[in-house]
Amino acid sequence: MEPLVVSGKLDSLSAIAQYVLAAASAAGLDKKAGYKLRLAIDEVATNIVMHGYDEAGLEGDITIKAEISPQRLTISLEDRAIPYDPTCHQEPDCLDLPLQERQIGGLGVFLALDGVDQFDYEFIGGCNRNIFTINLGAST
């Protein structure tokens, strides 16, 4: 699929979601797997916009690319916001607590990365690259 470049703004999230769902469909993912992938990418894209660009006082774009092979669907998000590696995000230790005793926030990245078969992060040449992989033919 051709890459899509969108503004690093909240109103670009729907275009990213549409791109992800189109890629999932082209790769033959079922609706459940496509939804999990869209949710994972939406969580990271939202963090890029809100924390990487807005809170840092920066403006920029997000490039989304999908690569489909017989074995896997790989989607990457690239941005020039402040560096942030979601793989360094600690797994929440409050999962066994009742909801009313948990602090708000902190589960988004954990749940997002749990919804894909593989997640990788790179920071190269001033560019964050978040890479989401779904193995085809296997349920996630």
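I began with burial: a residue is buried under 20% relative accessible area, exposed over 50% and partly exposed in between, with a 1.4 Å probe and protein chains only. By that rule I found Phe119 buried, and Phe132 as well.

A note on what I am reading: this is a predicted model, where local features need pLDDT of at least 70, side-chain atom pairs count only at pLDDT 80 or more, and totals for chains, interfaces and linings use all residues. Residues are numbered from 1 along each chain as its sequence is written, and side-chain values use heavy atoms, leaving out hydrogens and water.

Next I looked up aromatic pairs (ring centres of Phe, Tyr or Trp, with its six-membered ring, within 6.5 Å; planes under 30 degrees apart are stacked, over 60 edge-to-face, the rest tilted). The structure has one. The ring centres of Phe119 and Phe132 lie 5.1 Å apart with planes at 65°, so this pair is edge-to-face. Phe119 sits in strand E4 (residues 118-124) and Phe132 in strand E5 (residues 127-135), so the pair ties together parts 13 residues apart in sequence. I note that strands (E, at least two residues) are DSSP runs numbered from the N terminus.

How do E4 and E5 run, and how many bridges join them? They run antiparallel, joined by seven bridges. Phe123 has Asn128 in E5 as its bridge partner.

Then I checked for disulfides (cysteine sulfur atoms within 2.5 Å) and their number. I found zero. Cys88 is exposed, at 59% relative accessible area, while Cys127 counts as buried at 10%.

Conventions. Helices (H or I, at least four residues) and strands (E, at least two) are DSSP runs, numbered from the N terminus. Two strands pair if DSSP finds at least two bridges between them.
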